[in-house]
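Reader: I'm new to this one. Can you walk me through what sits where?

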Amino acid sequence: MNSMYMSLTNAPSKQASLTCKNISPLDSYFKRCQASKPQFTRIFFQVSKRKKLIVCQVNMSAQSTAGQVIRCKAAVAWEAGKPLVIEEVEVAPPQEMEVRLKILFTSLCHTDVYFWEAKGQTSLFPRIFGHEAGGIVESVGEGVTHLKPGDHVLPVFTGECGNCRHCKSKESNMCDLLRINTDRGVMLSDGKTRFSINGKPIYHFVGTSTFSEYTVAHVGSVAKINPAAPLDKVCILSCGISTGLGATLNVAKPTKGSTVAIFGLGAVGLAAAEGARIAGASRIIGVDLNPNRFEEAKKFGCTEFVNPKDHNKPVQEVLAEMTNGGVDRSVECTGNINAMISAFECVHDGWGVAVLVGVPNRDDAFKTHPVNFLNERTLKGTFFGNYKPRSDLPSVVEKYMNKELELEKFITQQVAFRDINKAFDYMLAGEGIRCIIRMDA
Ligand code: NAD
Ligand code: ZN
């Protein structure tokens, strides 16, 4: 079977005929083959009269698309807050240090919605949003050495150039060159867009723009992952889930048997709870103003819940009473300044560590009594869970592959690409955690 698989993936001709005696392993090989070689467009099976021999014929597309403009479907946001429109766009070939990706699955995150609504954020339209996705490299630009066509990848909203002070430091993931930039709608190398409609440029979003069948990204913003990983699951590791998971595992670092409070039980907070579960915390206390979140959060390891609205004293006092003086670790995933202060003040003196993940409002100020620090509490913050996108995401994928990390429970809906606006409706209604958008449907 191996030699057959090799001959298929490497077949230089437009057609390949192969023989095999058993259809079921063949079937799965073809699925893998088609996933890694998007140019394989059609597969035929034929059973011979003797019913012993199976003849398979693979039709490949007429020619490689490398170096050419690709016309494909993309969901274009023409105006703030208006439904996306599926349009035919032109996607230019990747330039120096860029790669063009065929996106297979993408999901919707709050950040897409914030910038699509553009209330207070830079308003840049028309634009192609999307930054959580899984895909396959279609072609690479000049100078790209560590990615090749067929590689399975996760594009990431923040990059890792590998050369700057941050990338060279073991302690930082905040690359100078490719750190998230929500205001830029063009490629770094030439200040131009790779998307257009009849010559009119369409802006990029955070260097990923995954609401398109094909997109172009800087090579430093693309993590190469295990090709055996199902892209319809691991695509959600591009942003929110890795952020919450890393906030706990890389920054809060609870020890086995410890007590962890998670403030905010959205996708990021649930991933933080999942991190505490993986770390072996014995008590995971979920704190949220919305009690509808509590039942779902049990699946992510939460053992107890606190709704600040149910108490007439500050939630940090409630938590201190529940835990004999304070929790060992807390992770804030709300974006609310009061929750940030509570998350810090609820950790135990002597060893407690609080980690801020939520993005605050522009004018917020963090206020606490300095004695909280003198009493040996630590306050930290994190960006993308402290993961370096290219170096570290492959290992997060492996955590899923070896069944340490459970991803299925985050995926609550699926829609076809043509129905992408439904994914926005679910998120705006607060329904579900992650909605997968299938690009082939
Ligand atoms: P979400 O809106 O789905 O979840 C937030 C939850 O917090 C909600 O359930 C809400 O009811 C709850 N909440 C709000 N105020 C609260 C309060 N005062 N006390 C307790 N609960 C409260 O959001 P999400 O997608 O899970 O993202 C969470 C935060 O993480 C956002 O601020 C987002 O911008 C941020 N984020 C940060 C990074 C990073 O790298 N630091 C990356 C991605 C997202
Ligand atoms: Zn860098």
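Author: A polar contact here is a pair of N or O atoms within 3.5 Å; within protein, one must be able to donate a hydrogen and the other to accept it, and residues adjacent in sequence count only if both atoms are side-chain atoms. This is a predicted model, where local features need pLDDT of at least 70, side-chain atom pairs count only at pLDDT 80 or more, and totals for chains, interfaces and linings use all residues. Residues are numbered from 1 along each chain as its sequence is written, chains are lettered from A and ligands numbered from 1 in the order in which they are written, and side-chain values use heavy atoms, with hydrogens and water left out.

Reader: Which backbone atom lies 3.0 Å from an oxygen atom of ligand 1?

Author: A backbone N or O atom of Val 268. For Ala 267, a backbone N or O atom is 3.2 Å from an oxygen atom of ligand 1.

Reader: And what lies 2.6 Å from a ligand 1 oxygen?

Author: A polar side-chain atom of Asp 288.

Reader: OK, the zinc ion. Which residues coordinate it?

Author: Cys 161, Cys 164, Cys 167 and Cys 175, each through SG, at 2.3 to 2.4 Å from the zinc ion (ligand 2). Donors are N, O and S atoms within 2.8 Å of the metal (3.2 Å for Na, K and Ca); water is not among the atoms, so sites may look incomplete.

Reader: How are those donors spaced in sequence?

Author: The pattern is C-x2-C-x2-C-x7-C.

Reader: Is Cys 175 buried or exposed?

Author: Cys 175 is buried, at 1% relative accessible area; Cys 161 is buried too, at 16%. Buried means under 20%, exposed over 50%, partly exposed in between (1.4 Å probe, protein chains only).
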